[in-house]
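Q: Hi! Could you walk me through this structure before I set anything up with it?

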Amino acid sequence: MERRRFSRHTRRCVFWCALGLAGTAGVARAESEAPVGEAPEETAQTPVVFADRSVRGVLTPGGVTVMETSLTYSHSTSTAVAIEGFTIIPALVVGLINVQQTQRDTLVSAISMRRGFGNRFEAEVYLPYVVRHEDIRQREILDGSAADVITDTDGHGLGDVEASLRYQLNRGWSGGPLWILNLRVKSRTGEGPFDVDRETLFTDDGERIGDVLLEQPTGSGFWGFQPSLTMVYPTEPGVLYGNVSYFWNQEKRVDGVGEVDPGDAIGLSLGMGFAINSRTAFNLGYEHNVVLKSSVENDSGIESVFDYNHVGLVTIGASQRLSRRFSLNVSIGIGATEAAPDVQIALRIPTAF
């Protein structure tokens, strides 16, 4: 009997920790079971924060609504060297060498609402507002140019609105892991790369080189669907988690370009949350996505060169429970691959009703 009660208490704690409201359920249970005159014991509470927003723990119970405000900033830089010419010897290239440095900053402020139906089903809506800025510095080394050419573009507006459904497959009474089936649908409410103003570049012979964006997009421009499976394994005072997913971008026809099929993505994330005390916890995790090659009917230089790209991010998160309803979640992501952002900082404040 004692083992069953402990397992049930652990599951409730993990649920509130996944919300970022760790300890709220534990406090309620302690208050209801503690004898009169005794202070509720908080040492059994296990606050755990998941740094990956797409990973959720035990789902919101029926009748409970959680509103979460978030602010995410990411910064990335890259250097590309383009060579148009021919090689006489391995150390000598005759032709045009163009060196381009790109710096991109993105700020996303968002509000999400999620509600539980029963004890094993949850629905969520995510509404982002995106602000983006990009600087490009380039020089044609063998073209006799002594000055750098610097261009900058901006963009801001509504991003891609998302809706998610989650269903918990088992109850985990026997001490095993919890399995959660997820489905996320991403709209194209934001302006995509083909929706913003652009300029077409041509060579002196009139041959089309490619397009240059005159403003930054706030969305992908394509509908996306992502089924995934999450595993959450409570091991007091910590929680182990993992997630596998497949993101499918729906192709569409673009005027002047033809049929465009963005690359799909295969995702994997795993990590561990650990409670420091009844109010504070930290998280270590890793996210990795393999983005498959895109295809463009009339290739204008925008098609991906590689068959796939790896995007890896090491995440470190912390959670502080401020009150029975509020908590503060902070996470920092560090790029592990060239295609990933150099740094990503996220601040989330969930509130339960």
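A: Happy to. One term to start with: helices (H or I, at least four residues) and strands (E, at least two) are DSSP runs, numbered from the N terminus. Phe117, for instance, lies in strand 2, residues 92-117.

Q: Thanks! What kind of model is it, and which conventions apply?

A: This is a predicted model, where local features need pLDDT of at least 70 and side-chain atom pairs count only at pLDDT 80 or more, while totals for chains, interfaces and linings use all residues. Residues are numbered from 1 along each chain as its sequence is written, and side-chain values use heavy atoms, with hydrogens and water left out.

Q: What does the chain average in pLDDT?

A: The average is 77, and 68% of the residues score at least 70; pLDDT is the predictor's confidence in each residue, from 0 to 100.

Q: Where does pLDDT stay under 50?

A: Residues 1-48 are one such stretch, and the model has 99 contacts beyond four places in sequence for them. Residues 83-87 are another, with 13 contacts of that kind. Contact means heavy atoms within 4.5 Å. Where pLDDT is low, the predicted coordinates should not be read in detail.

Q: New topic: which residues make up the largest nonpolar core?

A: That core has 5 residues: Phe222, Val254, Val257, Val260 and Val296. A nonpolar core here is a set of buried Ala, Val, Leu, Ile, Met, Phe, Trp, Tyr and Cys residues joined through side-chain atoms within 4.5 Å. Phe222 has 6% relative accessibility, so Phe222 counts as buried. Val254 is in contact with Phe194 and Val260, leaving aside neighbours within four places in sequence.

Q: How many aromatic pairs are there?

A: A search of the whole structure finds 4. Rings of Phe, Tyr and Trp (its six-membered ring) pair if their centres lie within 6.5 Å; planes under 30 degrees apart count as stacked, over 60 as edge-to-face and the rest as tilted. One of the pairs is Phe194 with Phe222, edge-to-face at 6.4 Å centre to centre and 85° between the planes. Phe194 lies in the loop between strands 6 and 7 and Phe222 in the loop between strands 8 and 9, so the pair ties together parts that are 28 residues apart in sequence.

Q: Which charged end sits over the ring of Phe222?

A: That of Lys252, 5.2 Å from the ring centre. The test is NZ of Lys or CZ of Arg within 6 Å of the ring centre and within 35 degrees of the ring normal.

Q: Last one: which strands form the open sheet?

A: The order is 11-12-15, with antiparallel pairing. Strands pair if DSSP finds at least two bridges between them. Strand 11 (252-254) and strand 15 (295-296) stand at the edges, each with a single partner strand, so one side of each is left without a neighbour in the sheet. Strand 12 (residues 258-261) is joined to strand 15 by 2 bridges, and Val260 has Val296 as its bridge partner.

Methods: Buried < 20%, exposed > 50% of the residue type's maximum accessible area, 1.4 Å probe, protein only.
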